Amino acid sequence: MSRYTDKPAEQSGPQSESRRDFFKKGSLLSAIAFSPGAVLRAAENKWDEKIADEWEKIPVSLTVNGAPYQVKVEARTTLLDLLREQLGLTGSKKGCDRGQCGACTVHVDGVRVNSCLSLAVTNDGKKVTTIEGLADGENLHPMQEAFIRHDGFQCGYCTSGQIMSAVALLKEGRTASPEQISEFMSGNICRCGAYSNIVKAIQDVKNQLS
Amino acid sequence: MKPFQYMRPTDTPAAIRVKGKEAGAYFLAGGTNLVDLMKMGVVAPEKLVDINRLPLRGIEVVGGGLRIGALATNSEVADHPYVLEHYPLLSMAINAGASPQLRNMATTGGNLLQRTRCSYFFDPTMPCNKRVPGSGCGAIDGINRMHAIFGASEKCIAVNPSDMSVALRALDAVVRVSGPAGERSIAMEDFHRLPGEQPELDNTLQKGELITAVELPAPVFTKNVHYLKIRDRTSYAFALVSVAAALDLDGSRGIRGVRLAMGGVAHKPWRLGAAEEFLKGKTVTEDNFRQAAQIAMQGAKGYSYNQFKLRMAPNAILQALKTAAAIV
Ligand SMILES: Cc1cc2nc3c(=O)[nH]c(=O)nc-3n(C[C@H](O)[C@H](O)[C@H](O)COP(=O)(O)OP(=O)(O)OC[C@H]3O[C@@H](n4cnc5c(N)ncnc54)[C@H](O)[C@@H]3O)c2cc1C
Ligand code: FES
Ligand code: FES
């Protein structure tokens with residue numbers, strides 16, 4: 001299923017006469033202000049001329065939680081803002097907006113990152129997983145269940161980031177000891193101090209799996 | 001964040017051409033430093049040249065040494081089996097920095113070029129010669145707890161915050177760059193610079209130059225190494241003081257070779273040459289290590305809030321050497 005948050009016609013429809021004329025006449029650089037998406041793609045091999053203007057919306061195709069999206073964003077839009085503001089996926093939280101708290105943690109191509117420091121345009125063609133994509137229908141992910149079982153949160157603001165980090169941590173195999181778990185979960189700050197229960201939740205899931 | 005133009009070249013010459021031509025153009029790698037600085041209004045690029053599609057991500061063993069592509073992420077380098085086995089000091093230093101999420105994004109080239117974390121630099125309402133040359137140094141008579149004790153100038157007492165660079169300095173890495181005038185190599189020693197009269201310059205890169213790789217010489221220090229990082233909390237904080245220590249020991253605990261470098265103390269990764277000279281040919285004893293640490297502190301100068309580093313640094317050197325040599 002493909003979802004569009006912007007009107008798709010402008011990007012995916014056939015090129016108009018005037019646009020083709022423009023290609024002949026002007027450089028890509030000047031054309032870009034008029035027909036951003038198509039030109040960006042058409043110029044795939046002419047990168048030194050392919051420049052998106054300050055206020056231009058740049059097309060980005062990405063898969064989020066298994067669903068393909070085609071969106072247009074300003075170059076300065078972060079992945080976190082794209083997810084929250086444009087795609088309505090507000091599970092990823094904005095804590096510091098500067099890489100200092102981990103509340104915005106998502107997986108990009110299977111690897112955990114801070115979405116607040118990642119520009120959305122750099123994620124073109126990538127697969128993103130957010131907290132909304134962990135559950136299998138009505139069934140919560142084992143890590144989500146373990147956080148509930150062990151009271152791995154109080155206010156819950158950091159929780160989606162903690163869970164996304166914890167799921168990645170298991171995959172990375174950094175769960176040998178409570179110390180190793182704490183070290184490799186250190187990119188997720190919890191102002192409520194639920195740390196010890198978070199470690200217990202992670203150990204629980206690790207033991208279930210082994 | 002101010003709006004900017006954006007482009008995403010797929011070949012290296014195109015990237016260099018644009019950057020070389022336009023003063024307001026910046027390369028974008030992992031973005032973990034640049035995007036932060038743009039949000040804070042510390043830098044306002046007119047154009048970002050996204051280099052993430054350039055073919056610079058590989059990590060290869062070449063001629064006995066290792067070539068790390070500029071776009072290899074900090075995680076990819078730290079977890080690389082060859083690095084873990086042959087350059088364990090580099091893995092330790094990288095893993096002591098930032099967080100797992102940030103290390104997944106941060107690149108080798110970007111890490112080398114990350115700016116100082118001096119709070120005056122980060123705050124556009126404050127004076128800072130590094131951000132606005134001539135505006136003065138807020139830190140020199142201000143809150144300078146995190147600041148330099150070696151090699152500072154009256155213009156700037158900021159420190160280079162990179163952990164990775166401290167290990168690269170100790171291991172005599174070479175930075176490969178490509179620019180409008182062609183390719184060249186810069187030894188780590190000459191890559192970062194002291195503030196002197198021009199604190200706005202962190203390094204010796206020329207206009208338009210792109211880091212393409214970092215090269216490590218054939219491995220020597222594979223066993224007796226340690227990266228000790230002292231910080232305000234156990235993890236996910238910048239160094240107050242850090243020490244990279246590497247020893248090459250013979251069968252009777254004689255010191256055949258030694259490398260020592262510090263982070264958090266200067267405008268560049270600080271190599272402890274005199275202490276290395278002192279230790280070479282001696283044997284592993286706590287007393288020798290203690291003397292080496294004292295020698296390393298010659299010329300150190302504290303400011304109002306960072307006097308504690310004058311004691312913390314030699315203690316850290318001693319401890320790092322002891323751990324590297326496995327004396328308890
Ligand atoms: C909260 C937080 C905590 C941190 N803690 C630590 C820590 O404890 N220790 C530590 O060492 N670091 C720490 N960091 C810093 C982190 O390591 C750097 O931000 C990161 O390494 C920068 O790499 P990047 O690829 O994201 O660079 P970018 O942000 O993309 O770029 C940084 C600079 O380098 C330039 N650049 C990038 N690549 C190239 C290239 N190939 N050639 C030429 N120019 C290039 C860019 O133009 C830019 O000016 C922390 C960062 C944050 C946000
Ligand atoms: S919001 Fe991204 S790390 Fe805090
Ligand atoms: S549960 Fe409140 S911040 Fe972690």
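This is a predicted model: local features need pLDDT of at least 70, side-chain atom pairs count only at pLDDT 80 or more; totals for chains, interfaces and linings use all residues.
Me: How do you know that the side chain of B:Thr32 makes a polar contact with ligand 1?
Reply: An N or O atom in that side chain is 2.7 Å from an oxygen atom of ligand 1. The limit is 3.5 Å, so the pair qualifies. B:Ala98 uses a polar backbone atom instead, 3.0 Å from an oxygen atom of the ligand.

Me: How much of ligand 1 does the protein bury?
Reply: The protein buries 95% of the 980 Å² that ligand 1 exposes when taken alone.

Me: Why is the site called shared between chains?
Reply: The residues that surround ligand 1 come from chains A and B, so the site is shared. There are 34 residues around the ligand, and among those that come nearest are B:Phe27 and B:Asp163.

Me: Which element gives the largest share of the shell around ligand 1?
Reply: H7(B) does, with four residues. Helix H7 covers 108-113 of chain B, and strands S2 (25-28) and S8 (210-216) of that chain also give two or more residues each.

Me: What classes of residue make up the shell around ligand 1?
Reply: The shell has 15 nonpolar, 14 polar and five charged residues.

Conventions:
Residues are numbered from 1 along each chain as its sequence is written. Chains are lettered from A and ligands numbered from 1 in the order in which they are written. Side-chain values use heavy atoms; hydrogens and water are left out. A residue is near a molecule or strand if one of its heavy atoms lies within 4 Å of it. A polar contact is a pair of N or O atoms within 3.5 Å; within protein, one must be able to donate a hydrogen and the other to accept it, and residues adjacent in sequence count only if both atoms are side-chain atoms. Accessible areas come from the Shrake-Rupley method with a 1.4 Å probe; for residues, only the protein chains shown count as cover. Ala, Val, Leu, Ile, Met, Phe, Trp, Tyr, Cys and Pro count as nonpolar, Asp, Glu, Lys and Arg as charged, and the others, Gly among them, as polar.
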